Amino acid sequence: MPVTTAQIAPTSPKSVKFEHLLALFGCAVLLVSLVFLADRPPINERTDFSVTYVGSRMVYLGLGPKLYDLLEQNKLKKPLLPNAEPLIYEHPPFEALLLAPLGALPYKTAYLIWGLINAAIWLLLPYLLRPYAPAPRDDVGYLLLWLLFAPLWVALFEGQSSLLVLLLYSITFIQLRCGREFRAGAVFGLALFKFQFAIPFVLILLVQRKWRFMKGFLATATTLGTLSLVAVGWRGVVSYINLLMGIAAHPGNASYGSAIGMATVQGFVHPLLGSVLGRSATSLIVVGVSVFLMLWTAWRWRKAGPAADRRTFDLMFAAAVVVSLVTSLHMFTYDLSPLLLAMLVVAGYFPGRAHTLLRMVLGTILIMFWMPPLFLLLLARHQVYLWFPVLMLFMIGIFKLAGIPPEKTPNTNINDPTVVLAGVRGRGN
């Protein structure tokens with residue numbers, strides 16, 4: 001029986017807006033509640049923010065030149081944070097300097113402030129990216145997708161800077177999309193907080209000869225380098241380089257971050273081939289595969305050429321985000337936060353019914369990424385490295401999607417799995 005207009009209940013714009021604001025308020029309450037609940041010992045001391053605090057505290061106390069002396073770190077951390085995990089501060093020197101005001105505060109207060117900053121960034125991001133993420137059409141369903149992505153929750157709880165990195169990827173995406181390459185590079189330079197992801201992404205654009213982007217990036221990088229010298233001096237910088245070399249040489253060290261907890265090339269190769277081929281051979285494989293992935297992505301992006309409808313740019317940017325994550329040498333679950341940008345872009349260009357296999361592959365992968373229990377299961381079993389082949393399949397799927405002629409790719413497919421997951425009833429194609 002056909003549906004008539006009389007059978008459809010009219011939806012008031014005011015009620016839709018109220019529903020959206022109510023959902024946003026609910027998200028805010030949820031995020032802030034988590035921060036307050038986690039901000040009590042020993043829970044807050046066992047988070048990754050403890051090492052961020054130790055680094056910022058050392059710089060605040062004038063111990064910058066000894067920042068990467070592990071004995072000095074432990075000497076300061078032990079009385080302040082008796083319940084902290086045996087982790088070390090291996091972040092860039094400029095981060096400790098910029099966050100030194102937090103180091104001047106009691107730990108409980110510093111954790112609370114940083115958590116509220118992260119919660120504010122989380123609440124800003126859905127609003128910022130909504131014009132570039134048309135699926136799902138329902139705003140409440142769209143907000144739900146943000147709540148279903150587990151790495152964001154882990155980043156918020158751990159007091160990590162991964163939400164900030166997602167924000168910087170997002171702003172860079174928007175600025176590049178508008179043709180503001182220098183500004184995009186300058187903004188993305190701040191992502192050197194997590195330089196292990198920033199550098200592969202920048203190399204992909206360097207191969208494409210995005211010189212204005214590079215100039216902006218180098219301007220910010222130079223500023224941050226100067227701040228690093230101010231924070232720790234030349235000896236501190238040399239100590240930091242030596243520490244990074246030690247981390248790279250010991251992928252199984254839990255204090256540095258065990259490789260099996262990383263969904264990267266190294267995280268996948270090390271547990272499978274490390275005991276068979278040895279460290280040198282596996283390192284060569286990791287470097288070779290990583291360089292290939294970056295060059296392949298840059299080549300595909302350059303070959304695709306400019307797209308008048310922005311579709312090709314959007315999809316290739318999404319692929320570059322994935323590659324920048326998997327080719328890093330240090331990544332944990334919360335570091336997958338920027339992946340959400342790629343997921344939302346792909347959902348917006350979800351393939352039509354004529355591409356059954358691609359729909360099935362991308363739909364399955366998106367559903368997997370939006371399943372918090374799956375992340376928790378792999379974390380509990382120490383098998384996070386198994387996300388690597390899924391990410392590789394996702395990257396290939398994006399390349400295939402970008403190869404579909406624009407006129408055959410709907411701008412928004414409301415029947416895609418992300419909408420079903422969000423509980424939004426879609427319309428037929």
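**A chat about loops and helices**

Biologist: Quick one to start: is histidine 382 buried or exposed?

Modeller: Histidine 382 is exposed, at a relative accessible area of 56%. For the cut-offs, buried means under 20% relative accessible area, exposed means over 50%, and partly exposed is in between, with a 1.4 Å probe and protein chains only. Keep in mind that this is a predicted model, where local features need pLDDT of at least 70, side-chain atom pairs count only at pLDDT 80 or more, and totals for chains, interfaces and linings use all residues. Residues are numbered from 1 along each chain as its sequence is written, and side-chain values use heavy atoms, with hydrogens and water left out.

Biologist: Good to know. Where does histidine 382 sit, and what is its phi?

Modeller: Histidine 382 is in the loop between α18 and α19. Its phi is near 55°, which is positive in a residue other than glycine. As background, most residues other than glycine have a negative phi, and most peptide bonds are trans. Helices here are DSSP runs of H or I with at least four residues, strands are runs of E with at least two, and both are numbered from the N terminus.

Biologist: Which other residue has a positive phi without being glycine?

Modeller: Arginine 209 has a phi near 60°. You'll find arginine 209 in the loop between α11 (195-207) and α12 (211-249), and at 52% relative accessibility it counts as exposed.

Biologist: And cis peptide bonds, where are those?

Modeller: One joins proline 41 and proline 42, with omega about 5°. Proline 42 belongs to the loop between α1 (13-38) and α2 (49-60). Another cis bond runs from alanine 135 to proline 136, with omega near -5°, and proline 136 is in the loop between α6 (107-129) and α7 (139-147).

Biologist: Stepping back, how many helices and strands does the chain have?

Modeller: The protein chain has 20 helices and zero strands. Of its 429 residues, 52% are buried. The chain exposes about 19600 Å², and 67% of that comes from carbon and sulfur atoms; the areas use the Shrake-Rupley method with a 1.4 Å probe, and for residues only the protein chains shown count as cover.

Biologist: What about contacts between residues at least 6 apart in sequence?

Modeller: Of those, 75% join residues at least 24 apart. Contact means heavy atoms within 4.5 Å.

Biologist: Let's pick a helix pair. At what angle do α9 and α10 cross?

Modeller: The axes of α9 (residues 162-177) and α10 (residues 181-188) cross at roughly 175° and come within 8 Å. Axes are lines fitted to C-alpha atoms, for helices over the stretch in contact, and angles run from 0 to 180 degrees between N-to-C directions. The two helices are therefore roughly antiparallel; that label covers angles over 145 degrees, while under 35 is roughly parallel, 65 to 115 roughly perpendicular, and the rest oblique.

Biologist: Which residues meet there?

Modeller: From α9, Leu168, Tyr169, Ile171, Thr172, Gln175 and Leu176 meet Glu181, Arg183, Ala184, Val187 and Phe188 of α10. The contact residues split into seven nonpolar, two polar and two charged. Ala, Val, Leu, Ile, Met, Phe, Trp, Tyr, Cys and Pro count as nonpolar, Asp, Glu, Lys and Arg as charged, and the others, Gly among them, as polar.

Biologist: Which α10 residues are buried?

Modeller: Those are Glu181, Ala184, Gly185, Val187 and Phe188. They fall within an arc of 165° seen down the axis, so they line one face of α10; the arc is that of the directions from the helix axis to the C-beta atoms.

Biologist: How many residues of α16 are buried?

Modeller: In α16 (residues 339-348), 10 of the 10 are buried, so the helix is largely enclosed by the rest of the structure.

Biologist: Last one: how far apart are proline 271 and glutamine 383?

Modeller: Their C-alpha atoms are separated by 9.7 Å, though they are 112 residues apart along the chain. Proline 271 is in helix α13 (residues 265-277), and glutamine 383 lies in the loop between α18 (372-380) and α19 (387-402). Proline 271 counts as partly exposed at 30%, and glutamine 383 counts as partly exposed at 22%.
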